[in-house]
Amino acid sequence: MDNRNFFTVIFFLTITASVAFLSYKPAQFEEQSAVNVADFPKRIRGWTSTDIPLSKDDHRPGVTKNFILRAYKNKKGDTIGLYIIYSTSNRKVSDPPDISLQGTEETITDKSPLLLTGDIKATKLIVDKGLTQELVVYWYKAAGVNTDIYVKQQLLVALDKALGKKTSIALVRVSTEIKDNRQALALDKIISFTQLIEPLLNTY
């Protein structure tokens, strides 16, 4: 094995070991952060929000208090749900939300990747909630990179930590009801809303 291949193998083994360490390291509650997600604007260019009490699936006791769940409404009567959870130290904030959305009264009927904006690759879910359907889009932000891949954001965090850098992890989820089976219209609403909040999300 030449030197180049040797160092390549060492690099990937180091990353793999770091990810394994992060995966099995017990979660620690984050006491405070320089970034407070609650400061995220409640009014955004025609959209006004109200805070929603978190369900047991969204609430993350023992992980972090740094999150929001809001319903943003515009004058047309459209409603968009926004959930952001953020941490500078606790990897568990970015656990995939698919399991929590798959409940006794909720069923994920479709899951696919989605290029939401030029810089945001997300996961799109269709969630059947009995008499209604909901379009849910989510992505991770780790080390300043937006991605729809859980392993990728874990690798980014592991690499930064291995290099001694401070890093942050966030999960962003945007949702809206699908009315009259018009999935394309619901997606257009989510895309337009995401384009509005994307510059604001760069703070995190």
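I looked up Glu134 and noted it as buried, because its relative accessible area is 19% (buried is under 20%, exposed over 50%, partly exposed in between; 1.4 Å probe, protein chains only). The model is predicted, so local features need pLDDT of at least 70 and side-chain atom pairs pLDDT 80 or more, while totals for chains, interfaces and linings use all residues. Residues are numbered from 1 along each chain as its sequence is written, and side-chain values use heavy atoms, without hydrogens and water.

**Salt bridges**

I found five salt bridges in the structure (a side-chain nitrogen of Lys or Arg within 4 Å of a carboxyl oxygen of Asp or Glu). Glu134 pairs with Lys129 at 3.7 Å, N to O. Lys129 is partly exposed at 33%.

I then checked Glu106, whose side chain meets Lys129 at 3.7 Å, N to O. Glu106 sits in the loop between helix H2 (98–101) and strand S5 (107–115), and Lys129 in the loop between strands S6 (121–128) and S7 (133–142), so the pair ties together parts 23 residues apart in sequence. I took helices (H or I, at least four residues) and strands (E, at least two) as DSSP runs, numbered from the N terminus.

Next I turned to Arg70 and Asp51, a salt bridge of 3.0 Å, N to O. Arg70 lies in strand S3 (residues 67–73) and Asp51 in strand S2 (residues 47–51), so this bridge links parts 19 residues apart in sequence. Arg70 is buried at 1% relative accessibility; Asp51 is partly exposed at 46%.

**Helix H3**

I placed Val151 in helix H3 (residues 150–162). Val151 counts as exposed, at 52% relative accessibility.
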